[in-house]
Amino acid sequence: MNRLYKMTSRYSWRQNVPFSLHLKIIRVACYSHASILQETRDRKPLQQVHAQIIVSNLSDNIFLCNRLMNVYASCGLVTTAQIIFSQISNRNLVSWTILISGLTKNGRFLEAIRVFHEMIVHEIMPNEKTIASVLPAFGKLGIPLLGKSLHCYWVRQNYGDNVFVETGFVDMYSKFGCMKTARNVFDNMLVRNNVSWNAIISGYSENGYGEEALWMFNRMRRKGLCTDIYTLMSVISIEDFRVGSVIHGLIITSGYENDQLVKTALMELYINGNFLNDAYCIFGEISKKDMVAWTLMLRGFSKSSNWRRTIEHFNQMMGEDGIKLDFVSLITILSGCSSSGALQQGKRVHALVIKTGFQADIFVGSAVIDMYANCASMKDTKSYFELMEEKDVACWNALISGYGMMGRGNEAIELFLKMKCSGLTPDESTLVSVLYACSHTGLVNQGLQIFDHMIKDWNIIPNSKHYACVIDLLGRAGRVKEAYSLMKSMHLQPGLDIYSSLLTACKIHRNFELGEEVSRELLELKPSDAGNYVLLSNMYALAGDWARARQSRVSLKLNNAKKIPGFSSIEINGEMFTFMASHTDHPNYLEIEEFLRSLIFEIKALGYEPDTNSVFMDVSDDVKKDILFHHSEKLAIAFALMRTKPGTVIRVTKNLRICNDCHSACTFISKAYGRVLAIKDANRFHIFQDGVCSCRDWW
């Protein structure tokens, strides 16, 4: 291709042609080539026109060179545009502006800023179009200092009012998260167009200011301005389902309901609002489904913990012509395997990662590590981690978190120190993973030391998650008053996770007085969370105060709070089975019930005694025992023992914390049947083997 740029013409102009005619011929040729370029959008015809320009000895014509650069950049061939630019001897402002615009539009933001800087160094003054072209680069890269400097330059040069540039500044400040400045620029604009309104509405929406975005949207409509597809897309993304459903109606009346981008945005709205069937209806209406739509629906099924539909959808997606797995779809399905504890399906997806060539992708790699860690397969986790050529902080975090969930705190700390030695700087998530590991292993002193070093050595200001880990660490160790004092001394407003950790510690260590005080603050913070009422009721029940325990349950109903039902999932031969406590609608319930009775009889012979204190209800001991025998994890384990070969590891995933009775029963089951039980509850893994749990009763 380089031969096309410099080439001696075989059709050089004859010496006897009059100069005026010579100029006229050149002018006609230029306009002819320019008009053809204006209609050209494909690479091959573009290169043919380019070749004609060269053989016509017009490659030094600045007008044609600029037009060539513009078309090449529009076709995504910005590197070719750069080569042409480098060979122009008499570049003008248009040349610089076209290159900057082309680089920005093709996502090469840093290069666009460098070219802009080079232009200033060459003392070529930018105009409004140049500045409007480079502004998106500052916003996308998040360089507020340079962006503000350019704004100051614009004001100092007194360019005057320009709706395109000022809209660019609104968008840039929105990308920086500086919505006050963006709004100030917007309010001072003498002329605003639809793009200006879209920029400020989108800025508010993307930065989490839903009310302001809606207010500006309504103000825009009151002024009689027509909303377009971009306006509606910005308002759909507001995290308020009621607003989104109204906008859905407006989309239909506006005639945009068949637009692919709008449909995928609506799907995301309904998925985030947990209206999965509505999202699936919209998905079904899309005639030509792209990878975004398939992946979004996959995320919806995975998010709803509907594993069967997740796998069915994934298999259907794999069978579609023209659908090629990308890193987002692989990460989505790996995340589903991770949350469900589906190791067999996870290994299948791992094979797809290798087959599709994504094994070197660090984002996919961290998802694979996370999947194996959440399936209690630490051997595979470590093997994959060590085989990765490039590891980022997320990969290290996933492995450290895995050791934390397994209760292997010393290994988590050792890995953390190795990470520091590798030259990587720990981030907020790293410290959360390490502190979490310390909390679930009883490494109190080590955890407190790491917490103290956060600010001193790594300049990381503790956030709510860090405090929650340390408060949980102190609470588990019985240092409940210290945990409470730490919460009161925080520079942050305590969140739900901190209060819940402290209340759990009060319940475990029977500090009912402090627990009652914490519960009052917790219920003021989140009166609609059913889990808080249940935790409070259980604490009163443990103290023998049945009247107040019942009152807490009544308050739960009065506040319309819905208790999350406990369930346990297990994967057998690639298929997921889910069990809920005392539910008799499972097709194999009678068979499971019979097996479970013999199981209880067998472990009782080994010394198991039902812990009736784990039932926080004012009923007889016989009723309590019956409730305990039908907890979801016991049903899942019984089914697994019936359906798997001897020696197979039984992996159960729970959505709630395992109770004392089930924990005790699992130790005896592992001994009686010679099986390894890997139980993942809401907090951590419990690996039962030969009558011993990996948590060593620190949970």
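Which exposed residues does the face of α6 turned away from its buried side carry? I looked, and they are Arg114, His117 and Val121. Exposed here is over 50% relative accessible area, buried is under 20%, and partly exposed lies in between (1.4 Å probe, protein chains only).

**Ground rules.** I'm working on a predicted model, where local features need pLDDT of at least 70 and side-chain atom pairs count only at pLDDT 80 or more, while totals for chains, interfaces and linings use all residues. Numbering starts from 1 along each chain as its sequence is written, and side-chain values use heavy atoms, with hydrogens and water left out. Helices (H or I, at least four residues) and strands (E, at least two) are DSSP runs, numbered from the N terminus.

**Helix α6.** I listed the buried residues of α6 as Phe109, Ala112, Ile113, Val115, Phe116 and Met119. Down the axis of α6 they fall within an arc of 160°, so they line one face of the helix. That arc is taken over the directions from the helix axis to the C-beta atoms. For length, α6 has 13 residues and reaches 19 Å from first C-alpha to last, close to the 18 Å expected. The expected span is 1.5 Å times one less than the number of residues. After α6 comes Glu123, with a positive phi near 60°.

**Helix α5.** Next I went to α5 (residues 93–105), where ten of the 13 residues are buried, so the helix is largely enclosed by the rest of the structure. Among the buried ones are Trp96, Ile98, Leu99, Ile100 and Leu103. They pack against α3 (62–74), α4 (78–87), α6 (109–121) and α7 (128–141). The end C-alpha atoms of α5 are 18 Å apart, which agrees with the 18 Å it should span. At the start of α5, I found a side-chain oxygen of Asn92 within 3.2 Å of the backbone nitrogen of Val94. Gly107 follows α5 and has a positive phi, near 75°.

**Thr295.** This residue sits in helix α17 (residues 291–303). At 7% relative accessibility, Thr295 counts as buried. Leaving out residues up to four places away in sequence, I get Met317, Asp326, Val328, Ser329 and Thr332 as the residues Thr295 touches.

**Cysteines.** How many disulfides are there? I got zero, taking a disulfide as a pair of cysteine sulfur atoms within 2.5 Å. For Cys337 the nearest cysteine sulfur, that of Cys375, is 7.0 Å away. Cys337 is buried, with a relative accessible area of 0%. The sulfur of Cys659 is 3.6 Å from the closest cysteine sulfur, in Cys662, too far for a bond. Cys659 is buried too, at 15% relative accessible area.

**The sheet.** Last, I traced an open sheet of six strands with mixed pairing, in the order β2-β1-β3-β4-β5-β6. Its edge strands are β2 (575–580) and β6 (692–693), each pairing on one side only. Two strands pair if DSSP finds at least two bridges between them. Strand β1 (residues 567–572) runs antiparallel to β2 and is joined to it by six bridges. In that pair, Phe567 stands opposite Met580 in β2.

Technical notes: Contact = heavy atoms within 4.5 Å. Polar contact = N/O pair within 3.5 Å; in protein donor to acceptor, adjacent residues only side chain to side chain.
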